[in-house]
Amino acid sequence: MENALQVRNESVTGELIQLVSFCLDHEEYGFNVLKVREIIRLLNITRVPNAPSYVDGVINLRGKVIPIISLRKKFNLPDAEIDKRTRIMVIESGSEMMGFIVDEVSEVIRISAGDIQPPPPVANSTIDLDCMSGVVNQAERLLVLLDLEKMCTHEDNLLFSNAMN
């Protein structure tokens with residue numbers, strides 16, 4: 001019985017996960033590639049009245065209205081100049097699509113599930129620890145993995161689904 005459990009644990013830690021890495025305020029973060037529908041250049045964003053401060057507005061992407069969230073504002077980071085590297089990452093959260101403005105999309109990387117370490121108990125970060133699913137130390141860089149379901153609260157999801165219907 002112990003050997004079967006040990007083999008199972010080894011196969012889980014050896015599982016490869018693909019992440020889309022991106023930059024915000026000179027720090028590197030990642031989303032699971034399975035949640036990322038597409039990465040697009042910044043489009044004209046239409047403001048939405050009474051939206052939370054971190055919601056920049058909505059865009060029309062091939063006939064579908066998608067809310068756009070500034071991750072800098074969501075994480076209380078200072079504003080930055082929008083340039084040619086600024087992107088919108090279109091993410092699927094449950095049945096909803098939403099876009100996240102990031103400074104730059106870096107690359108798609110493969111990591112072993114066993115390389116993901118839990119978030120540090122004390123983080124000197126503006127990001128809520130609940131939003132972090134782990135940290136990967138890879139090639140002299142730290143990559144913070146974000147948990148989309150925990151990043152967007154139930155109230156956020158209700159707001160987005162009500163606003164889009």
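1. Strand β6 (residues 87-93) is joined to β7 by 7 bridges, and the two run antiparallel; strands here are DSSP runs of E with at least two residues, helices are runs of H or I with at least four, and both are numbered from the N terminus, while two strands pair if DSSP finds at least two bridges between them. Within this pairing, valine 90 has glycine 99 of β7 as its bridge partner. The model is a predicted one, in which local features need pLDDT of at least 70 and side-chain atom pairs count only at pLDDT 80 or more, whereas totals for chains, interfaces and linings use all residues. Residues are numbered from 1 along each chain as its sequence is written, and side-chain values use heavy atoms, with hydrogens and water left out.

2. β6 and β7 belong to an open sheet of 5 strands with mixed pairing, in the order β3-β6-β7-β5-β4. Its edges are β3 (36-41) and β4 (55-61), each of which has a single partner strand, so that one side of each is left without a neighbour in the sheet. From one strand to the next the twist averages 30°, with axes taken as lines fitted to C-alpha atoms (for helices over the stretch in contact) and angles running from 0 to 180 degrees between N-to-C directions.

3. β1 and β2 run antiparallel and are joined by 6 bridges, and leucine 19 stands opposite asparagine 32 in β2.

4. The largest nonpolar core has 24 residues, and those with the most contacts inside it are Phe22, Phe31, Leu71, Met89, Phe100, Leu146 and Met151; such a core is a set of buried Ala, Val, Leu, Ile, Met, Phe, Trp, Tyr and Cys residues joined through side-chain atoms within 4.5 Å. Among the elements that give two or more residues to this core are β1 (16-24), β2, β6 and β7. A second, separate core of 9 residues includes Ile40, Ile66, Ile68 and Ile88.

5. A search of the whole structure finds 4 aromatic pairs, where rings of Phe, Tyr and Trp (its six-membered ring) pair if their centres lie within 6.5 Å, and planes under 30 degrees apart count as stacked, over 60 as edge-to-face and the rest as tilted. Phenylalanine 31 and phenylalanine 100 form a tilted pair, 5.8 Å centre to centre with 45° between the planes. Because phenylalanine 31 lies in strand β2 (residues 27-32) and phenylalanine 100 in strand β7 (residues 96-102), this pair ties together parts that are 69 residues apart in sequence.

Terms used:
Buried means under 20% relative accessible area, exposed over 50%, partly exposed in between (1.4 Å probe, protein chains only).
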